[in-house]
There are 4 protein chains.
Amino acid sequence: MTAQLDTYPQAVRDAVARTREVVSALHAELPRWGLVVWTAGNVSQRVVVDPAAGPGEHDLLVIKPSGVTYDELTPEAMVVCDLDGELVDGERSPSSDTAAHAYVYRNMPEVGGVVHTHSTYATAWAARGEEVPCVLTMMADEFGGPIPIGPFALIGDDSIGRGIVETLRGSRSPAVLMRNHGPFTIGKDAKAAVKAAVMCEEVARTIHVARQLGEPLPIAQADVDSLYDRYQNVYGR
Amino acid sequence: MTAQLDTYPQAVRDAVARTREVVSALHAELPRWGLVVWTAGNVSQRVVVDPAAGPGEHDLLVIKPSGVTYDELTPEAMVVCDLDGELVDGERSPSSDTAAHAYVYRNMPEVGGVVHTHSTYATAWAARGEEVPCVLTMMADEFGGPIPIGPFALIGDDSIGRGIVETLRGSRSPAVLMRNHGPFTIGKDAKAAVKAAVMCEEVARTIHVARQLGEPLPIAQADVDSLYDRYQNVYGR
Amino acid sequence: MTAQLDTYPQAVRDAVARTREVVSALHAELPRWGLVVWTAGNVSQRVVVDPAAGPGEHDLLVIKPSGVTYDELTPEAMVVCDLDGELVDGERSPSSDTAAHAYVYRNMPEVGGVVHTHSTYATAWAARGEEVPCVLTMMADEFGGPIPIGPFALIGDDSIGRGIVETLRGSRSPAVLMRNHGPFTIGKDAKAAVKAAVMCEEVARTIHVARQLGEPLPIAQADVDSLYDRYQNVYGR
Amino acid sequence: MTAQLDTYPQAVRDAVARTREVVSALHAELPRWGLVVWTAGNVSQRVVVDPAAGPGEHDLLVIKPSGVTYDELTPEAMVVCDLDGELVDGERSPSSDTAAHAYVYRNMPEVGGVVHTHSTYATAWAARGEEVPCVLTMMADEFGGPIPIGPFALIGDDSIGRGIVETLRGSRSPAVLMRNHGPFTIGKDAKAAVKAAVMCEEVARTIHVARQLGEPLPIAQADVDSLYDRYQNVYGR
């Protein structure tokens with residue numbers, strides 16, 4: 001634990017406290033929807049202070065500590081890091097995936113939340129290095145096309161983060177399947193990224209099951225575009 | 001929220017209150033039986049006033065609000081619409097599938113409940129555009145034959161509702177698999193439609209599993225007819 | 001409801017009360033292990049009075065009422081029938097499968113419990129009319145060989161019961177997969193029959209999964225015999 | 001029950017009491033992660049007294065009693081055996097797999113916990129006698145290569161234990177799939193062995209699903225080595 005957080009303004013410390021609550025509560029959604037086992041998986045959210053607070057408001061993230069079970073997750077157990085992934089506050093080490101989360105926040109300013117799981121069906125597509133084709137209307141709504149495959153990357157430097165960012169920049173999809181690894185999802189906040197993780201596994205599973213007995217029927221690109229546009233704009237997401 | 005419900009007779013408002021309770025409670029069956037994730041899926045029921053109340057008694061429905069999680073569903077959160085899908089009472093927007101439910105109620109007066117899910121196995125058959133064959137006695141009991149495929153239809157007008165009604169009018173089945181989309185089920189009330197949604201996924205899953213390792217044995221049409229007749233009449237459904 | 005139970009000796013009525021408790025509690029195991037949806041499935045147990053009570057002690061069974069959900073099952077809700085399947089005590093109709101249970105009790109005096117489900121994997125093998133091969137040591141322990149297929153039979157007379165009895169008499173297995181229908185299991189009491197239903201689905205699922213990617217390795221008949229003998233005798237079942 | 005435990009020093013009896021708590025609590029993880037049904041599966045842990053206690057500190061193990069359901073497992077219900085598998089303390093018989101656990105403790109002094117399950121996907125690979133290939137980064141982390149297959153072995157002597165030990169001695173993997181039987185896992189304590197059992201099923205399932213629709217992409221051996229080394233050393237397991 002460091003006392004570094006004490007050097008931040010009160011407004012930042014308040015925002016950190018709110019973000020710890022949100023991130024802690026959202027972790028419960030991962031086992032609830034069957035996306036993780038044991039201590040796998042992690043959710044993070046960028047710390048957003050009131051816009052009036054000025055510069056510096058976006059330089060922290062809150063994430064799950066490493067190796068802690070889902071029963072032990074409380075707001076206090078969450079870890080605060082800066083956007084280089086360095087520990088700012090917390091009693092435990094940050095998740096070993098923190099560098100990848102931090103890279104995304106540094107390079108995609110519109111992203112406020114990141115989720116990583118090894119959910120079964122999404123990871124199975126990732127193991128084959130095969131994108132999930134867009135053959136369901138709910139997938140057109142949420143993903144606007146296929147869920148793309150990111151590169152194979154080892155943990156330990158910025159390779160995973162760079163693979164996520166480079167793949168998602170060319171895609172409508174909020175999810176990327178890192179090859180031989182598993183899904184990472186993004187959103188305007190952690191809740192949106194968790195929703196994307198849940199929907200990613202749902203469509204990966206359903207389309208896997210469909211393909212076990214034949215080929216799914218395609219949806220015309222114009223229909224995919226129309227569904228995506230309506231869901232993102234008219235429906236108000 | 002509108003105050004329009006206040007202009008209805010007390011008997012209608014009482015029936016609305018009872019229907020909110022029923023519809024709210026039945027939503028819990030969807031995650032319980034694994035038919036939905038996140039906020040997906042919806043149950044509606046036609047508001048039925050005492051027959052003595054005369055005309056106008058069937059011009060309302062109660063449905064799930066849009067984008068609300070299954071933990072937040074209470075009778076008060078349910079939304080009341082007329083049979084054109086216009087909001088009559090409720091603090092939130094009705095489900096984006098309300099137009100499809102309303103079309104069914106306008107065009108199938110015998111229907112008192114409608115359910116929509118994206119349950120995995122039923123949706124997988126829908127993705128291939130392939131009806132579920134009737135090869136189980138429990139399926140002959142409940143569906144009286146195959147579960148049919150409805151057309152591909154975009155959200156936003158009456159296309160989905162019309163596809164449901166046109167497909168189910170020529171079928172004993174209370175379930176239709178809308179192509180690339182998912183199942184819609186009907187019943188005399190919402191509970192019957194929920195049961196049909198549960199059974200639809202059950203037979204879609206079991207017959208999928210059977211077909212993974214070979215071809216299921218057919219059931220003779222006379223036996224399907226006999227089972228369906230007994231279950232619907234003798235057994236008293 | 002009939003008052004017929006009042007004409008039985010007190011010792012029988014006490015045994016009925018104990019059996020209602022057992023059968024009610026065991027029903028909770030069916031949804032717990034994922035063997036049933038909605039109101040499907042049923043457990044029964046023969047009423048066994050103290051041996052000193054003399055003749056007539058084995059002429060009743062306790063079974064689930066028809067169409068009742070798993071949340072509503074209490075000892076009081078259970079139904080008492082004679083071994084012709086006629087109602088002796090209870091506020092509701094007995095399960096529509098009661099005739100099959102009763103036939104088993106009339107014709108297999110060593111059987112004290114019967115369970116019927118439509119559990120997914122067992123029913124999938126039943127849909128193809130294909131016995132489950134004995135390729136797991138736990139299956140050799142419990143079933144002593146393959147799980148056999150029973151004939152196609154319509155509900156409404158003794159066809160299902162006869163199919164169960166004729167198939168199980170020639171088998172070590174306490175489970176039979178009725179063609180296009182699902183599993184029935186037997187045991188010395190209802191708990192043993194529930195265990196057989198749980199294990200039947202477990203081995204049907206595991207061997208299905210094994211066969212999806214190739215052929216399981218066989219177990220030599222002498223090893224199957226040795227495992228079965230040890231588990232049934234040495235292990236003390 | 002024997003009074004033999006009373007002849008041990010107080011420090012050993014205290015360590016036994018602590019181990020009973022640990023082993024009892026860890027059994028709840030098996031049904032939680034879907035690894036077992038009914039009374040199947042068992043966890044054991046070597047009794048470790050404070051190093052100051054000197055020789056004899058490693059001659060006991062605590063294991064699940066035979067045929068007890070997961071609802072009935074309490075610290076008091078756990079059974080204490082010596083490393084020949086003979087009962088030292090407990091009201092019930094030890095698990096019929098105790099001989100295999102005891103053989104592992106006698107022959108692998110670095111092992112402090114052993115787990116056995118029949119988890120579905122791991123057992124399916126075991127039924128085909130096919131090792132699980134290492135095609136996921138999480139599998140490289142935890143297993144450092146494939147999960148190997150052990151020999152077919154009958155219960156009743158040291159065959160199973162010997163098969164486990166001989167297979168695991170030549171492998172980085174803490175899990176072995178005993179042919180036609182199921183997985184055994186080891187760890188420095190029971191918690192580590194339970195984690196290995198959970199991860200074994202997770203990778204067996206994910207790679208099974210991946211292979212259903214094609215071949216997973218391989219991971220280069222140097223990358224497997226690098227991931228394993230980092231996870232076991234840098235990450236601090």
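Across all chains of this predicted model, a search of the whole structure finds 48 salt bridges, where a salt bridge is a side-chain nitrogen of Lys or Arg within 4 Å of a carboxyl oxygen of Asp or Glu. Side chains of opposite charge can pair when their charged atoms come close. Because the model is predicted, local features need pLDDT of at least 70 and side-chain atom pairs count only at pLDDT 80 or more, while totals for chains, interfaces and linings use all residues. Residues are numbered from 1 along each chain as its sequence is written, chains are lettered from A and ligands numbered from 1 in the order in which they are written, and side-chain values use heavy atoms, with hydrogens and water left out.

Three of these pairs are set out here.

| Salt bridge | N to O distance |
|---|---|
| A:D225 and A:R172 | 3.0 Å |
| C:R205 and C:E202 | 2.6 Å |
| C:E215 and C:R211 | 3.8 Å |

The salt bridge between A:D225 and A:R172 links distant parts of the chain, since A:D225 belongs to helix 8 (residues 221-234) of chain A and A:R172 to the loop between helix 6 (159-169) and strand 7 (175-178), 53 residues apart. Helices (H or I, at least four residues) and strands (E, at least two) are DSSP runs, numbered from the N terminus. A:D225 is partly exposed at 29% relative accessibility, and A:R172 is also partly exposed, at 36%; here buried means under 20% relative accessible area, exposed over 50%, and partly exposed in between (1.4 Å probe, protein chains only).

In chain C, by contrast, C:R205 and C:E202 both lie in helix 7 (residues 190-212), 3 residues apart, which is about one turn of the helix. C:R205 is partly exposed at 21%, whereas C:E202 is buried at 5%.

In chain A, salt bridges that share partners join A:R128, A:E130, A:R211 and A:E215 into one network.

The arrangement of the copies comes next. Chain A can be laid on chain D with an RMSD of 0.0 Å by a turn of 90° and a shift of 0.0 Å along the axis, the copies being superposed by least squares on the C-alpha atoms of residues with pLDDT of at least 70 in both. That is the relation of a four-fold axis, and in chain A the C-alpha nearest the axis is that of A:Q212, 5.3 Å from it. Only 4% of the interface residues of chain A are also interface residues in chain D, so the copies meet through different surfaces.

Methods:
Contact = heavy atoms within 4.5 Å.
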